[in-house]
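Visitor: Hi! Could you walk me through this one? I'm new to reading structures.
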Amino acid sequence: MPQSTWAPSAEVGGRWGKLSLLSGTLVVDQTESSLVGGLFPVIRQSLGLSLGALGVLTAAGKIVGVFTGPFWVWAARRWSRKGVLVLATGLWGVWGIAAGFSQNFAQLLIFYTILAAGYAAAQPVVSEIVADLFDSSSRGRAISYLYGAVALAAAVLGPLKGQLADVEEGWRWGLWGIGAFNILLGIAIWLWFRDPGLGAAEPQLADLSHETREAYAKLTWGRAVSLLRIPSFAILLGSRLLSGHLIVGTFGVVFLVDVYGFSTSVASVVLLPIGVGFLLGNVLGGFAGDWAAGRSPRYGLVGVLQAAQVGFAIVAYVGTQFHYQSIGLFCVFFGLMGLMQGVNPGINRPMVMAVAPPELRAMAFAIYVSVVEAIAFAAFGLGAGLLGDAIGLKAVFLWILVVLMLANGAFLTLLYRPYARDAARAQQELDARRQQALA
């Protein structure tokens with residue numbers, strides 16, 4: 001192979017400030033979904049619902065993202081990424097305010113689903129921009145800080161949201177507050193965010209003109225489908241379908257209320273250690289990923305990702321299948337589950353970025369998060385809600401959080417062979433683009 005001729009990557013100016021602003025979009029997304037789950041016991045009482053209604057809400061909010069996630073990626077390419085974030089993750093908050101006025105389940109379902117349709121833009125668009133702000137040597141750390149900020153916000157807001165259970169119709173105030181914050185965030189992005197452009201942090205492309213970097217930006221169905229032919233990406237998608245830990249934040253509080261008899265306000269306390277654990281897991285994942293990749297570039301990241309799934313299953317078994325009487329012990333185990341779950345973003349997101357070309361990363365994350373993760377989340381949420389009414393949430397947690405996560409860990413063994421090869425192939429493609437541009 002010819003010797004590469006790229007220049008050192010130019011550091012994108014103000015990248016950490018931009019990352020902080022972008023983190024707000026994910027905070028809103030996380031807060032909205034956890035609010036409904038955390039306060040569902042009082043929503044259920046206020047509107048006269050069954051446990052299955054939580055599964056329907058969760059499933060509807062995720063299924064709509066299967067369609068709107070790719071749409072927002074297309075709109076971002078045709079219009080602008082900044083414009084999509086201002087609209088879909090900002091001004092879209094009016095639907096959260098509307099949801100707070102719901103008088104029955106049908107109204108809540110409609111407004112909540114519309115709200116989720118806009119929030120589906122956050123994960124793919126923000127993830128692509130992060131890859132354009134940070135090069136491969138710092139993406140893991142950036143992703144860890146991004147999701148760490150989300151976790152920290154969840155840790156602070158979780159118990160506060162739980163206290164809304166003691167306020168008459170407090171869940172409505174929660175939705176109104178999220179909607180208002182959403183709108184303010186959209187205005188802030190419009191005023192202060194500057195898009196770095198596609199490939200701005202790639203060593204092979206950083207010193208090329210904006211027009212040259214955008215030459216490959218056209219998005220077609222054929223190019224989107226080509227992502228599925230990347231073996232590592234296909235395996236990561238399969239792993240996401242087995243990610244049963246996604247339901248912890250949604251069903252954790254109602255699990256403790258229904259299975260072990262805690263009140264909603266007391267059970268909501270576990271949202272704090274989940275958030276703190278997720279934050280620590282992000283930091284740990286970043287360091288563990290860097291260390292493992294340095295020790296074994298071919299197998300290190302895969303090993304850390306696999307260990308996180310198995311570790312979660314073990315902690316979930318000990319932390320959900322036994323009654324400890326004290327909410328304090330449950331906080332410890334739920335915090336450890338949050339830690340194991342928090343390791344994932346700092347490992348799997350950079351892996352997706354490493355095997356996908358810059359112009360297809362948003363679509364890769366739309367498929368990964370808005371489609372596949374949403375389908376998994378919807379299936380687990382709907383299944384947990386319906387099966388919880390039939391066999392109880394304790395049995396549901398055993399199968400989804402323990403058995404399924406062990407299967408996920410075993411499945412990731414398939415990733416050891418193709419990942420290093422796919423990452424190297426992506427770099428060779430960028431080398432070829434640079435040589436063509438310079439020629």
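Guide: Happy to! Let's begin with a term: a residue is called buried when its relative accessible area is under 20%, and exposed when that value is over 50%. Keep in mind that this is a predicted model.

Visitor: Okay, so is Asn182 buried or exposed?
Guide: Asn182 has a relative accessibility of 0%, so it counts as buried.

Visitor: Where is Asn182 placed?
Guide: Look at helix 9, which covers residues 170-192; Asn182 is in that helix.

Visitor: And what does Asn182 touch?
Guide: Leaving out residues up to four places away in sequence, Asn182 touches Val28, Thr89, Gly90, Leu91, Trp92, Gly93 and Tyr119. With Tyr119 there is also a polar contact, side chain to side chain, at 2.3 Å.

Visitor: Switching topic: how many salt bridges are there?
Guide: Searching the whole structure turns up seven salt bridges. As background, side chains of opposite charge can pair when their charged atoms come close.

Visitor: Nice. Which residue meets Asp258 in a salt bridge?
Guide: That's Arg44, with 3.4 Å from N to O. Asp258 belongs to helix 13 (residues 248-260) and Arg44 to helix 2 (residues 40-47), so this pair ties together parts that lie 214 residues apart in sequence.

Visitor: Is Asp258 buried, too, or is it partly exposed?
Guide: Partly exposed, because its relative accessibility is 38%, and buried would need a value under 20%.

Visitor: What about Arg77, which residue does it form a salt bridge with?
Guide: Glu128 is the partner, and their closest N and O atoms are 3.0 Å apart. Arg77 sits in helix 3 (residues 51-78) and Glu128 in helix 7 (residues 122-133), so the pair links parts 51 residues apart in sequence.

Visitor: Are those two buried or exposed?
Guide: Arg77 is buried, with a relative accessible area of 18%. Glu128 is buried as well, at 1%.

Visitor: Which residues are linked with them in a network?
Guide: Arg81, Asp132 and Asp195 join Arg77 and Glu128 in a network of salt bridges.

Terms used: Residues numbered from 1 in each chain as written. Predicted model: local features only at pLDDT ≥ 70, side-chain atom pairs only at ≥ 80, totals over all residues. Heavy atoms only, no water. Salt bridge = Lys/Arg side-chain N within 4 Å of Asp/Glu carboxyl O. Helix = DSSP H or I, 4+ residues; strand = E, 2+ residues; numbered from the N terminus. Buried < 20%, exposed > 50% of the residue type's maximum accessible area, 1.4 Å probe, protein only. Polar contact = N/O pair within 3.5 Å; in protein donor to acceptor, adjacent residues only side chain to side chain. Contact = heavy atoms within 4.5 Å.
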